[in-house]
Amino acid sequence: MHLDDSEAVGSSTAVGFRSERGPVLIAVMLSTGLVAIDSTVLATAVPTIVGELGGFDQFPWLFSAYLLGQAVTTPIYAKLSDVFGRKPVLLLGIGVFLLGSILCGVAWNMPALIVFRAVQGIGAGAVQPTAMTIVGDIYTLAERARVQGYLASVWAISSVIGPTLGGVFSQWGIWRGVFLINIPLCLIAGWMLMRHYHESIEHARRTVDYLGAMLLAVAMTALILGILGGGQTWPWASVPSIAAFATGVILLIGFVVVERRAGEPILPLWVFSRRLLLTTTIVAVGVGAILMGLTSYVPTYLEGSLRVQPVVAGLALAALTIGWPATASAAGYFYLRWGSRRPPRWARSS
């Protein structure tokens, strides 16, 4: 694949909004902002949503369905972007995310909202990783350290605006605005991408591992269904729970067999043999679980148990998440200067 915008990589060291690649950077930041805001804006609105639609015991699915759709489609989009190009895949993701946002805004009950959140997640599965891949395509390794600061600023702004907006919409009694606000953001991001990002694709004969993608998606769905349903919808030792876990494990085994034989696997198994990739993935899973757990339940606890206003709960969540992007903006410089091990060690010791 040849990217027209990458021609500036070797000829210019300018990194910023006024550089030749500035409009593309803005489009990437807007696309990333869609996922960043949606990661925090819903949490403070959950008590209001549950109060209108009911189904308090189902509200964890609002987050899990979104993350499930995102997780199972990310490897598929990654492969499709190699075959068809970054731009069409990212535009597809923005379009699906826009559709999911509109459907969430008109949801009539909790099951419908959960399904529409999964649609949002399917779109987000293309947006965030493809946007990051575009950055890797058009910037050199040294430049990415500076660009990391711009992308981290998106998360910093979103970590403050997202919970606050959710609290404001909830306090005003218009929680559907949490989803409908994505409409102009999606349209602007799509327009910027279509206008400023250009790529020419080398059309080579390549295959997509559809069977592996299907096995991975269904296996992850079954496992997450077993985790979320166990102890809530059904007992852990019940037939549905055992069936969900057994189905997930069997399909994962089948996925491994298929990936070993696939010419171009959707998820190459060699990535699990690289210690750095495996270690960082495990750390990312742990950190992600902690962050998602806190952002999902802290506002509900504050509003439901401590009886604080939704706006106050939003500000509390903003204070919790703002440290994450602040340190991410400096991580790129530390990585280039000292490597990948010393900055995480300092973070643990502090």
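**A pocket and its surroundings**

Guide: This is a predicted model. The second largest pocket holds about 200 Å³ of space.

Visitor: Which residues line the second largest pocket?

Guide: The lining consists of Met 29, Leu 30, Gly 33, Leu 34, Ile 37, Ser 153, Val 154, Ile 157, Ser 158, Ile 161 and Leu 185. Helix H2 (22-41) and helix H7 each supply at least two residues of that lining.

Visitor: How do the lining residues divide into nonpolar, polar and charged?

Guide: Eight are nonpolar, three are polar and none is charged. Gly 33 belongs to the lining, and Gly counts as polar by definition.

Visitor: Why is Val 160 called partly exposed?

Guide: The relative accessible area of Val 160 is 33%. Buried means under 20% and exposed means over 50%, so Val 160, at 33%, is partly exposed. Val 160 is found in helix H7, which covers residues 141-171.

Visitor: What makes the nonpolar surface patch that includes Val 160?

Guide: Ile 157, Val 160 and Ile 161 make this patch of about 230 Å². A residue of a patch needs over 30% relative accessible area, and Val 160 has 33%. Ile 157 and Ile 161 also line the second largest pocket.

Visitor: Why is Ile 181 called partly exposed?

Guide: Its relative accessible area is 25%. Because the limits are 20% and 50%, Ile 181 is partly exposed. Ile 181 lies in the loop between helix H8 (177-180) and helix H9 (182-196).

Visitor: How far apart are Ile 181 and Gly 105?

Guide: They are 76 residues apart in sequence and 9.4 Å apart in space, C-alpha to C-alpha.

Key: Residues are numbered from 1 along each chain as its sequence is written. This is a predicted model: local features need pLDDT of at least 70, side-chain atom pairs count only at pLDDT 80 or more; totals for chains, interfaces and linings use all residues. Side-chain values use heavy atoms; hydrogens and water are left out. Patches are made of residues with over 30% relative accessible area and no salt bridge: like charges are joined within 9 Å, nonpolar side chains (Val, Leu, Ile, Met, Phe, Trp, Tyr) within 5 Å. Accessible areas come from the Shrake-Rupley method with a 1.4 Å probe; for residues, only the protein chains shown count as cover. A salt bridge is a side-chain nitrogen of Lys or Arg within 4 Å of a carboxyl oxygen of Asp or Glu. Helices (H or I, at least four residues) and strands (E, at least two) are DSSP runs, numbered from the N terminus. Buried means under 20% relative accessible area, exposed over 50%, partly exposed in between (1.4 Å probe, protein chains only). On a 1 Å grid over the protein atoms alone, a cavity is a set of points where a 1.4 Å probe fits but cannot get out, and a pocket is an open set with protein on both sides within 12 Å along at least five of seven lines; lining residues have an atom within 4 Å of a point. Grid points are joined across faces, edges and corners, and a volume is the space filled by probe spheres set on the points.
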